[in-house]
Amino acid sequence: MKEQTLAVHAGYGKGDKDSQGTMAVPLYMSTAYQFRDTKHAGDLFALKELGNIYTRLMNPTTDIFEKRFASLEGGVASIGTASGMAAIFYAIANVAEAGDNIIVAKQVYGGTTTLTGHTIKRFGIETRYFDVNNPSEIEALIDENTKIILFESITNPSIDVADFDAIVAIANRYDILTCVDNTVATPILCKPFEYGVDLTVHSASKYTTGQGLAIGGVIVERHNLVEKIKDNPRYAHFNEPDESYHGLVYSDLPLPLFCLRVRLALLRDLGASPSPFNSWLYIQGLETLPLRMRQHSSSALAIAEFLEAHPKVSKVNYPGLKSDKNYDLGQKYFSKGHSGLLSFEVADKEIAQKIADSTEIFSLVVNIGDSKSIITHPASTTHQQLNTQELLEAGVTEGLVRLSVGIEDTEDLIADLRKALG
Ligand code: PLP
């Protein structure tokens, strides 16, 4: 099936035995599930039979969301989490423990920077950073304790495009897992598994709902990941008995092992599971994701071209622009557009703040991926605590303005920016 059909139907269709014939996906609000008898309960816990036990572990509505998201991304399975940050933390915690290290692009979302640079450090996991514009830096950072390489397909907020081929080639030489945060690109514009990536993570709080309705996240696993993990000494805990689960050996199971371990170990013990209601909202959002991403992308390109020609704008960062340093990578790895995120520079902080304070349609919000357009001045908000040097390293100048272009009429958005630029 083609993408737009999957967006509307994957995971729930004609003949689903429990569907009651409902056209809309049902919302199952239930903390727990009845077992037929104690044998049934025992079989479920022992994984002899797959089924619902408790919503911290699984839920029928979340299950449909997970199937639909995985099919759009081209993965074998996915697992929903309570936020994008929980998805990123679980992707790391599923492979790394005290004494291990992970390799992360410098240009990642601020929350990912604080998670990897501070929080997991206290758990004894070291983070080594590389410049996403220079993947050759990765090789020198690898040792026998390196567990995962994490980067974003389009970076937030610096709007760089990762060179998948270069990063995956290095990772595969050392049998290390790669994980892409594909939030900004969405499964519609970029399919990381086609370039050999092993895992993706998303903040479902962004384009997935499309309306800024709910916080959530998802981890997606590629087909046949077991080939890379089976008997790989880096991932011994997938190949040795898990004492917390009756000696289960994940790599022996005929199931998507990465997602299964997140479910059985991390959701069980740490519990950042999605609310079924949020999963239901994401399902509504996914139905229109392909349509919306085309509109976000075409509008963002028109706005980038308008800004590039404006005398007050010194630079525009958008991979769809021919003048952009990421144009070639954007053409190589993205189909159907380059998403709705762009940034531009004006002379100084005061002018940037004045623009952000003057727009009428663009709202001053620290979010992205909403149908409603958003303007952000990173130097006074998300990056306020950074000094001038740190701002430069993060690719954030004081005159930088970030836009998340929504799906309003493009001409109205350009008129709003024209007026605000003065
Ligand atoms: N990844 C990216 C690229 C983001 O932009 C964000 C949030 O802005 C996150 C992850 C974190 O997601 P959440 O806010 O759902 O925890």
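In this predicted model, strand 2, helix 5 (residues 110-119) and strand 3 form a β-α-β unit, and the unit is right-handed. Its two strands, strand 2 (residues 101-105) and strand 3 (residues 126-130), run parallel to each other and are joined by 5 bridges. Within this pairing, Asn101 has Glu126 of strand 3 as its bridge partner.

Another part of the model holds an open sheet of 5 strands in the order 8-9-12-11-10, and the pairing in this sheet is mixed. Strand 8 (315-317) and strand 10 (363-364) are the edge strands; each has a single partner strand, so one side of each lacks a neighbour in the sheet. Helix 11 (residues 276-308) packs on the sheet and touches strand 8, strand 9 (341-345) and strand 12. The direction of helix 11 makes about 5° with that of strand 9. Strand 11 (residues 374-376) pairs with strand 12 (residues 400-404) in the antiparallel sense, over 3 bridges. In that pair, Ile374 lies opposite Ser404 of strand 12.

The cysteines are a separate matter. With a cut-off of 2.5 Å between cysteine sulfur atoms, the count of disulfides is 0. Cys179 is in no disulfide, and its nearest cysteine sulfur, that of Cys259, is 11 Å away. Cys259 likewise is in no disulfide, with the sulfur of Cys179 as its nearest at 11 Å.

| Residue | Relative accessible area | State |
|---|---|---|
| Cys179 | 1% | buried |
| Cys259 | 4% | buried |

Both values count as buried because the limit for that state is under 20% relative accessible area.

Definitions and conventions. Residues are numbered from 1 along each chain as its sequence is written. This is a predicted model: local features need pLDDT of at least 70, side-chain atom pairs count only at pLDDT 80 or more; totals for chains, interfaces and linings use all residues. Side-chain values use heavy atoms; hydrogens and water are left out. Two strands pair if DSSP finds at least two bridges between them. Helices (H or I, at least four residues) and strands (E, at least two) are DSSP runs, numbered from the N terminus. Contact means heavy atoms within 4.5 Å. Axes are lines fitted to C-alpha atoms, for helices over the stretch in contact, and angles run from 0 to 180 degrees between N-to-C directions. A crossover is right-handed if, with the strands pointing away from the viewer, the path from the first strand over the helix to the second runs clockwise. Buried means under 20% relative accessible area, exposed over 50%, partly exposed in between (1.4 Å probe, protein chains only).
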